[in-house]
Each structure stands twice: as C-alpha cells, then as structure tokens.
Amino acid sequence: MKFRGKIIDVACLNHFTRKSHICSKTLTKTCVLRLTPDNLFFILSEKVANGGVSMWCELAQANFFDEYQMEGVTQEDNEICLEVAPENLARALKTLQNAKALKVKLTKKHCPCLTIPTLSTVSRVVMHDVPVDVIPRKLWHEFKEPHMPNFDVSIYLPPLKTLKNVVDRMKNLSNFLVLEANMSGEMNLKIETDLVSVTTHFKDLGNPPWGEDGSQRDSDAMAQARLDVRRLQQFLMGQQVNPTKALCNLVHQRLVHLILLHEDVSLQYFIPTVA
Amino acid sequence: LNMPLSTQSQTDDEFYVFVATLDNARNLSNLLKAIAFKDHAIFTATPNGLKVTVEDSKCMQANAFIQADIFQEFTIKDDLVGFQVNLTVLLDCLNIFGGSTVPGVSTALRMCYVGYGYPLTLFLEEGGVVTVCKINTQEPEEPIDFEFCSSNVTNKVILQSESLKDAFSELDMTSEVLQITMSPAQPYFRLSTFGNSGNAHYDYPKDSDMMELFQCTKTQTNRYKMSLLKPSTKALALSCKVSVRTDNRGFLSLQYLVRNDDGQICFVEYYCCPDEEGEEE
C-alpha cells in the first residue's frame, strides 16, 4: 500500500486547498479519505443516532496533482481507505497558503500518517504528520458511492448565499424547518413556532430534466421534508463559492439529497427527515 | 400566500386596519435594533406615524418614531392601532434575507394588521424571493407615562453625536452609575463614572463646536444606572445629533436624531429615572 502525490502548480495548489476546505468545513468529526487511481473522495457517513447525515465528495486527481502514485491494498482492490479528522487535515493544509508546492505521502511513523512537508516561501520546510486509521477491506462497503434515491421531486437550488441567509435567520427562530418543492420550479422553506410562522417562497428555479420522465406526478404537488435546521446550516456553511450546478432531490417525508457540482469537485449531501 | 408582493391582494387590504410599506426594510429594522434590549415591543400607529416602545424595569423607556411620510404607503383606519409583538422575532423576520448593506440591494416590506387577535403579517421581497411572516400579537400594555414635559425642563444641551460617542466609548463600564452634571457655570456639562479603577470625569466646554445648543438654567447632578443607559449607545451609534435634557425631578431624556439610508430623519428617544440610592447629598 503506497501513496504519494505532488502539486507544484500554484494555481492547482490554491485550488486544492480551497476545495479541501469546502469538504472539511462541511464535516464535523471524522471523515474517510478514499484514494483510487483516478479520484480522491471525502466521505462522511454518520450513524443514524447522530442525525444520519452523509456526504460524498469526489475530486478528480488529475485536475489537481502533478504527480500521483498509488498502489492499493491488492491489484484487484486497487484502493486505499483512510479515516482522518478533517480538522487535522485542514490545519495542515492551512499552512499551504504561502507555500510553493505540496507533497503528500502515506507514511508509517508511530502510527500511519499522511505526511505533508510544505516548502514555504521563506525556504523553510514545515512537516505535518496527520494521523490516519487504515480502514480494512471488510468495511469498505460502508463507503461506496451512495445510490441516487428514488426521489419525488428534483429541483435546482436558489443562490446559496440567499438560501444561507434565510436558513440562518430561520435557525434563530426554530430548530426545525420544512423544506418543500415541486416539479414547477417552486421551493418553500417554512418554520412555525408559538410566536411566529415564516415561509420563504422561491420560484422559477427550474427542474433538472432527469425528473421529467416516468413519474405521473402532479407538477404542482409539493414533496416535503422536515429537517433539523442545523443539518442544513452545516451543508451551507462551507459553500462560499457558487457551484456550477446546485440541486436538491426530495423523497417525500424521508430524505433530502443535495448535490453541488463544481468544475472538478462534486459534493453530495444527504439529510434524513425528522418526525 | 403564494402571490408576489405586487399582486398581493389589494383586495385583502379592506380587512386590514393598518398597512404600511417600505421600499427598504432596513429603514425600520435599523431603528428597531437601536431599542431592542427587551423582547416585548409595543406598537402604536396613528395617522402621524408609527411609535415603537420598549421598557425596562419601569425605570427606562425607549421609543422609536417613524413618521408616516417615511413609508411609501401608510394606511390606518382608526385613530390609533396598538399591539405588542416580540421584537427579537420581528427583527429576525425583517432581516430574513440577510439585511444586505450593498447599495442597490434592499428588501421591500409590506406590513399588515387585521386587528385584535390577529398576527402582524409581513410580506418581504428581495430579488424576486418572497417571505411571508405571521408574528403573533398580544394586547398592548399601557406604556409608562414618564410625564416628561418641556415646560419642566431645567437643562438642555444638543450635541453632535460624534462627541458623545467618544465619551461613551471611553466610559468606565465597571461603574454602576453614570453621573450627569449640567450647570450654567463650570463644569457646564460633565459625565462622571465611579468604577474599579477610580473616578473619571468627561467635561464638555459650552462653547465647543460639538455643542449646538446650551440651555442650562440651574446646576443639577443626577445619577443613572449604567445598566439602563447602556442600551442607548446603540441609538447613539446610529444618530447624528443628540439632545440631552433633564427636568426638575432629575428625569433624563435623550433624543437621538437618526438619518436613515435615504437621508430621511427619524427619532429614537430614551427616558430614564434617576438612581435613587445616589441621592444622599
């Protein structure tokens, strides 16, 4: 099992730190870094008891790395699966802001580590050892790409900044929020408490073409999901940059599936409903 | 409720006793922020405009006044319409789109009230997105009448807010009271604190550029609880001028003149009782 990578292009480097920042911001405790010959994945899958949020973030290595060598566990299972605290990784990558190059290597020190020596502009080498846990093959099935749920409604999201403002204010007023949307490009966010009821109406959002086939659904009928506002906030927190495409799939009263597509990064986020 | 603001129900309007619209909701929310030190706010609408009152411990009262002509539409069907709402909730609603300060981006507001027992309904619109808020109302409490009338005013000064902001930023907040001395003779206008690190005095000469008006007839020294005055610094920060008055009982009136985003003038006013423990002399 071997992994080493190198980024020397400064633009790529900034890009990578920014993108990993997006991933780390969204996450809380630990996440899984999955390495394949073509891709890097940041994966989160929370236990249901902790809210059951899951996230899947995919980066094409060729878009970032100048050198990328990996040898998986075996030739058939040519992958590496590592558990890492995104906080530690983010801290190490933070020092890259003034760096000229990034090298990253899987090493065996007192424990397995991702070792990141960064050459800063003042020609000083800073070594970061980010401890990781190697995940055995028998657990890999937990980190396969989640399949697209059989959704009732699929809709493009409004500008994330607007969405964030509204969700942040709603969080001040209530712990739970109802997100509803239909196939006519309408999406509503609602809260209701003893003191106040608030509904924000978005319209003309558009629905991705894949929702159109098959279903005999009334295009005005709303699919609803009641969510813990913090989960939605968590998703919106890391998203300062507007993605190329942002969309939301709703399984009525079960699940919200959010997808952000950047040019070279895709992020999927699953929030289960609460009763 | 799915209708956009423009088409929203001219037909519904006949049910409302009070309707007010603003092109820029910040012109209301900024003023309300300056008096938001307690949750309960009493709204009193008359044909002249809107008054919002917040009180603390029966010793302090803040009023924000928004003249009817500041609103693009201001319709009232009675001589007086009153209700009480939770101010923190109202402010979160008014800022639902983030309360952007970017020029050219503003939240339009339409505020409607059917009458006793009905919620205060807000329609907010920014960039084609509409938010509808229904805030529960309560019967308004009778605001305290501080019986502060201009004929009983002993001392009055009008200052540029800049100068008072400086003073307030340097005040020793560990002091339990702020003592205000106003006098026709020296020290003219003095703010004093008595804190952990000693006593401090802040004097204003009466011929200072910052002093626009000086009308003191009698030497008066009164103490006011710092905790009661502290919230007024929010209004001070927004304002361009402040009038400080005391009456023959030692009651304090602070009137802040606030210029809104569109250059129109509104007022925020504070009344405060003197601190009784401070009156041994």
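Strands here are DSSP runs of E with at least two residues, helices are runs of H or I with at least four residues, and both are numbered from the N terminus; two strands pair if DSSP finds at least two bridges between them.

This is a predicted model, in which local features need pLDDT of at least 70 and side-chain atom pairs count only at pLDDT 80 or more, whereas totals for chains, interfaces and linings use all residues. Residues are numbered from 1 along each chain as its sequence is written, chains are lettered from A and ligands numbered from 1 in the order in which they are written, and side-chain values use heavy atoms, with hydrogens and water left out.

**Strand pairing within chain A**

- Strands of a sheet pair through backbone hydrogen bonds, either parallel or antiparallel.
- Strand 2 (residues 31–35) and strand 3 (residues 39–45) of chain A run antiparallel and are joined by 4 bridges.
- A:Val32 has A:Ile43, in strand 3 of chain A, as its bridge partner.

**Interface of chain A and chain B**

- In contact (heavy atoms within 4.5 Å) are 18 residues of chain A and 19 residues of chain B.
- The buried area between the two chains is about 1600 Å², and carbon and sulfur atoms give 56% of it; the term denotes the accessible area (1.4 Å probe) that two parts lose on being put together, summed over both.
- On the side of chain A, the residues that lose the most area to chain B are A:Arg169, A:Leu195 and A:His201, together 38% of what that side buries.
- The interface holds 1 salt bridge, a term for a side-chain nitrogen of Lys or Arg within 4 Å of a carboxyl oxygen of Asp or Glu.
- A:Arg169 forms a salt bridge with B:Asp92, with the closest N and O atoms 3.7 Å apart.
- Helix 3 (160–173) and strand 14 (196–202) of chain A are the elements that give two or more residues to the side of chain A that touches chain B.
- That side of chain A divides into 7 nonpolar, 8 polar and 3 charged residues; Ala, Val, Leu, Ile, Met, Phe, Trp, Tyr, Cys and Pro count as nonpolar, Asp, Glu, Lys and Arg as charged, and the others, Gly among them, as polar.
- Strand 14 of chain A is joined by 6 bridges to strand 9 (residues 129–135) of chain B, and the two run antiparallel.
- Opposite A:Val196 stands B:Ile135, in strand 9 of chain B.

**Chain B**

- Chain B contains 5 helices and 18 strands.
- The C-alpha trace of chain B spans about 65 × 40 × 35 Å along its principal axes.
- B:Glu162 and B:Lys165 meet through their side chains in a salt bridge (3.4 Å, N to O).
- These two residues, B:Glu162 and B:Lys165, are separated by about one helical turn because they are 3 residues apart in helix 3 (residues 161–170) of chain B.

**Backbone features in loops**

- The peptide bond from B:Gln186 to B:Pro187 is cis, with omega near 5°.
- B:Pro187 lies in the loop between strand 11 (177–182) and strand 12 (189–195) of chain B.
- A:Asp204, a residue other than glycine, has a positive phi near 55°.
- The loop between strand 14 and strand 15 (223–228) of chain A contains A:Asp204.
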